[in-house]
Amino acid sequence: MIEACEPGLPLELDAIEIDGAGKWVFPGLVDMHVHLREPGGEDSETILTGLQAAIAGGITTVGVMPNTSPPMDTPESVLNLKRAAVRCGFANVVPVPCVTRGRAGREPVCFHDLRQVGAIAFTDDGDPVHDSGLLLDALDAVYKFDGVIIEHPEVTDLAGGSVNMGSVSEKLGLKGIPCAAETADVARCMEIASNSHGHLHLTHLSLPRSVELARAECFHSADVTIDVTPHHIALCEDALMEHGTHAKMNPPLRSPEHRKNLAEMVKSGMVDAIASDHAPHAPCRKTGSIEEAAFGIVGLETLLPVSLEILRGLQMPVIRILHLLTCGPARILGIPAPSLEAGRKADLVLFDPEAEYRLSETGSFSKSINTPFFGRKLQGRVEAVWIGSVVYRDGEFAN
Ligand SMILES: [Zn+2]
């Protein structure tokens, strides 16, 4: 428990004192977009390894995506995830079940039944909700309990490539994914959200134009929030030349100009949250050609240092960056805002902003290693995390 948060507190005799001079203490981060792969993809990640990786990254609350096998679309599957997370005893989970049964895009799930077991947010992530009528009905349905529909914006008829359509796709001779594959769906979603009171969240926006559409004055009546990933503000399509399949994700890394302008938009306050889109894949799905490889990268352990590197580089105040990783996503998911108030259950991070290190395959808790950020010099390291009775310090768990 946090008993008090103020200077000059008396030290009890049996207390452990930690010198935090020059370090930061903040509430545990909320990552609203995480693929834990269990059930069905345990060779890539398990609930246990994913939640450990989250803690190591300073993340104590994880929004869990439903594209498992089978997909999370029933009250029972939501309860299974919750029970498994309690058994593991690391980060908190916020289950985000499907919008449609089997994530097949045809019939809606029973929102009411899923609400009864605590679900507030719903998504078919990995795919968009193609059926516009169904999307509108879903927004109206979740409005009744202040829920949210999270859309993965993509017009799949326009996708079908493996990298951004541009100089790198040309150089590598690969089919490109045009910007319109994302922006056309953002435009469709904004029109639909304007016709409902329901809350729509557009996730992993990778293009400045998408953000502009989501924030356009003509859509001011729509209740729409948005997030971006650290990789879309840190890297551009050129990373494919160096990192190959470890820089392949959906939406793809875009042009240098897109990357720069997207980061500027985060700085200027147009974005509500930063989320990792942690997408672990076993090595067999990331070897071979760029065309054959799966989309996605792991991101729990680099969410914070990469976001800080890019946004502090733009002179964005740290407190505002942390907001996008705590209160911003918490509000979208409808959970209490993280806080260091006295009386709250311990849920906090000790962070050394000066420490420099390189994350490596062996130093990571995730079961998968598909990331272009291994080997990159990262500044700022999670030194300790306290969440309930769990203590993580200097790279190890003790509970
Ligand atoms: Zn997605």
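Analyst: Two residues are in contact here if their C-beta atoms, placed from the backbone, lie within 7 Å. On that basis, residues 24 or more positions apart account for 75% of the contacts in the protein chain with a separation of 6 or more. The model is a predicted one, in which local features need pLDDT of at least 70 and side-chain atom pairs count only at pLDDT 80 or more, while totals for chains, interfaces and linings use all residues. Residues are numbered from 1 along each chain as its sequence is written.

The protein chain has 13 helices and 15 strands, taken as DSSP runs (helices H or I, at least four residues; strands E, at least two) and numbered from the N terminus. Of its 399 residues, 52% count as buried, that is, with 20 or more other C-beta atoms within 10 Å of their own, C-beta atoms being placed from the backbone.

Turning to the packing itself, the axes of helix α4 (residues 132-143) and helix α6 (residues 180-193) come within 10 Å and cross at roughly 45 degrees, the axes being lines fitted to C-alpha atoms over the stretch in contact, with angles from 0 to 180 degrees between N-to-C directions. Because of that angle α4 is oblique to α6, a class left over once angles under 35 degrees (roughly parallel), over 145 (roughly antiparallel) and 65 to 115 (roughly perpendicular) are set aside. In this contact, S132, L135, L136 and L139 of α4 meet R188, I192 and A193 of α6, and these residues divide into five nonpolar, one polar and one charged.

Note on methods
Nonpolar A, V, L, I, M, F, W, Y, C, P; charged D, E, K, R; others polar. Buried ≥ 20, exposed ≤ 12 C-beta atoms within 10 Å, placed from the backbone.
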